[in-house]
Amino acid sequence: MANLQTAMDSAFWDQPISSPRTLEGSANSIPGEPFPLDAARASRALRIQQLSFLGLGFPLGIIPSYAPASPSPSQKELELGSFALESLLLRPSISNWWLGLVGQFRPKKLISDIKREFSAAEDLELSVFTSAAKHVLDTSLYSVGLCSQLSIGPSTSLLWSTERHGHKKGKRSKFMLYHKLLSHDITLEAAWPQLFISHKAQYWDVPESVSLNMASLASDSGLRYRFGIQKNGGQPESANAIDGEPPAALMPGLCAKAAFSYEQRKDMWRNKETQEDLIIKTDKGSFWRPAYDVRLREPHAAISTIIGGTCVAWFGGKESSMAGESQDGHIAVSTKKRSPLSADLFGSICCTVQHGKFRRIFADLTRVDARLDISSVSGLAKSILNTFSRNSASSADNLLFSPRLNFIFQQQVLGPIVFRVDSKYLLDAASGKDGSHMEDVIYSLSYSLRLLRSGKVVAWYSPKRKEGMIELRLFEF
């Protein structure tokens, strides 16, 4: 079943989206925007843990990634290129503590510089090789990240990380405290700066972001709730947008938010796993044959729905009409007013059909998920009124709050290898050329690992963001 909890998680500031633009491997989504694609959600495992595992299967433990330069890149960014190689360089650990050092290298500029040295040389003398070797010491080619985790008892852990990119000024740092209660999770997160990504694939850096959240665990009744406090400090800076206003949710101020959701699921039919599925009898004896992924082991058709609401209170920064200079020198000005107190409803409904048990080596998995998302009931109502009143001044808001239809198609290729397409369509026939269209799509190829029960190595690419990376994902359908 498609992840319906994205509906409530999208209302807060700490929902991670996979991104190769940081060594952490993620950027947070922006509250109040359309729900992201399921394939865009970051892995539950820390990036440094992923690199430790993925390194076992890649030559020399080097994992590739791809992230483009900004729309108006500097000459240095163009020379560095979009292709990068990552590796876990060091990971000492004891029983309750570990430290990891991650390195990233962008080879394009080094190859170009060395090629230029040899092309300009008339004779291959020792000095030519010496000059070429000096380019290896160019610090702009490298990025370094340090991450450490300390477990304080069985239910509390501290995480600290920092990273520095050789071609950029400054560094990124993050601190997290995670505490698990009997039926709740408490998370404290502070980052300076924190990278956010919008539904338009625009990245924004908030100089200071601090959040404290308490969330209930999933219950049999389907009811969940969450409370959180978020503090934004400093003017958001554009990381890759040429122009545009910073989202109101990222402007300076203190915000208190509460949310609840109620989820229900109904199977129309389901073929339960049997002992005959697990044990295969042959002439050579009986063999245990579990599914490649335990979450894809039963053919079924199901309908699920989630409805919920949020209540938001802002303190300070009521008027978000501030200006700031982005990293590429452009001025971003926001003139939107932010309501000090607001409430809203959201909801999703999903239909899933799966054929196959994902056990055999071929033609044993075909799955389709279709999900309709409404991120803001009040925003949708306003956009409908604007449509009937022909108010074109709010056309951008109309598109922002319009329903989205998500499709997820999965097809087994061979054995544990699955091809997957996640697509999102904006439904708004009243907006002319900006109306209904495909808004986003992500292609991925995964290799399921039986030993992890529900773990897989995923290589994905986003044409909209022009980004791609390889991840280890756990307990995701």
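1. Helix H2 (residues 47–54) has the buried residues Arg47, Ile48, Gln50, Leu51 and Leu54. Buried means under 20% relative accessible area, exposed over 50%, and partly exposed in between (1.4 Å probe, protein chains only). Helices (H or I, at least four residues) and strands (E, at least two) are DSSP runs, numbered from the N terminus. The arc is that of the directions from the helix axis to the C-beta atoms. The cover over these residues includes S3, strand S4 (83–90), strand S5 (97–105), strand S6 (142–151), S26 and S27.

2. On the basis of this note: the model is predicted, local features need pLDDT of at least 70, side-chain atom pairs count only at pLDDT 80 or more, and totals for chains, interfaces and linings use all residues. Residues are numbered from 1 along each chain as its sequence is written, and side-chain values use heavy atoms, with hydrogens and water left out.

3. The protein chain as a whole has 8 helices and 27 strands. Of its 477 residues, 48% are buried. Among contacts in the chain with a separation of 6 or more, 61% are between residues 24 or more positions apart; contact means heavy atoms within 4.5 Å. The accessible surface comes to about 23,400 Å², and 63% of that belongs to carbon and sulfur atoms. Accessible areas come from the Shrake-Rupley method with a 1.4 Å probe, and for residues only the protein chains shown count as cover.

4. Strand S27 (residues 467–474), part of the cover over H2, is itself largely enclosed by the rest of the structure, because 7 of its 8 residues are buried. Two strands pair if DSSP finds at least two bridges between them. S27 pairs with strand S26 (residues 455–462) in the antiparallel sense over 8 bridges, and Gly455 has Leu474 in S27 as its bridge partner. Strand S3 (residues 63–66) also pairs with S27 in the antiparallel sense, over 2 bridges; there Ser65 stands opposite Met469.

5. S26 and S27 form a hairpin with 4 residues between them. Lys466, in the loop between these strands, has a positive phi of about 55 degrees although it is not a glycine. Most residues other than glycine have a negative phi, and most peptide bonds are trans. Lys466 counts as partly exposed, with a relative accessibility of 48%.

6. An open sheet of 5 strands has the order S1-S2-S10-S11-S14, with mixed pairing. Its edge strands are strand S1 (16–18) and strand S14 (237–238), each of which pairs on one side only. Strands of a sheet pair through backbone hydrogen bonds, either parallel or antiparallel. Strand S10 (residues 194–197) and strand S11 (residues 203–206) run antiparallel and are joined by 4 bridges; Gln194 has Val206 in S11 as its bridge partner.

7. The peptide bond from Trp192 to Pro193 is cis, with omega near -5 degrees, and Pro193 is in the loop between strand S9 (184–192) and S10. In the loop between S10 and S11 lies Ala201, which has a positive phi of about 70 degrees although it is not a glycine. Ala201 is buried, with a relative accessible area of 12%.

8. Leu195 is in strand S10 and counts as buried at 4% relative accessibility. Leaving aside neighbours within four places in sequence, Leu195 is in contact with residues including Arg21, Thr22, Arg172, Trp204 and Ala239. The C-alpha atoms of Leu195 and Ser26 are separated by 8.3 Å, although the two residues are 169 residues apart along the chain.

9. Helix H7 (residues 377–388) has 12 residues and reaches 17 Å from its first C-alpha to its last, close to the 16 Å expected at 1.5 Å a residue. The expected span is 1.5 Å times one less than the number of residues. Its buried residues are Gly379, Leu380, Ser383 and Asn386. They cover an arc of only 120 degrees around the axis, which puts them on the same side of H7. The face turned away from that buried side carries the exposed residues Leu385 and Phe388.

10. Arg371 lies in strand S22 (residues 366–374) and is buried, with a relative accessible area of 3%. A polar contact of 2.9 Å joins its side chain to that of Asp373. A polar contact is a pair of N or O atoms within 3.5 Å; within protein, one must be able to donate a hydrogen and the other to accept it, and residues adjacent in sequence count only if both atoms are side-chain atoms.
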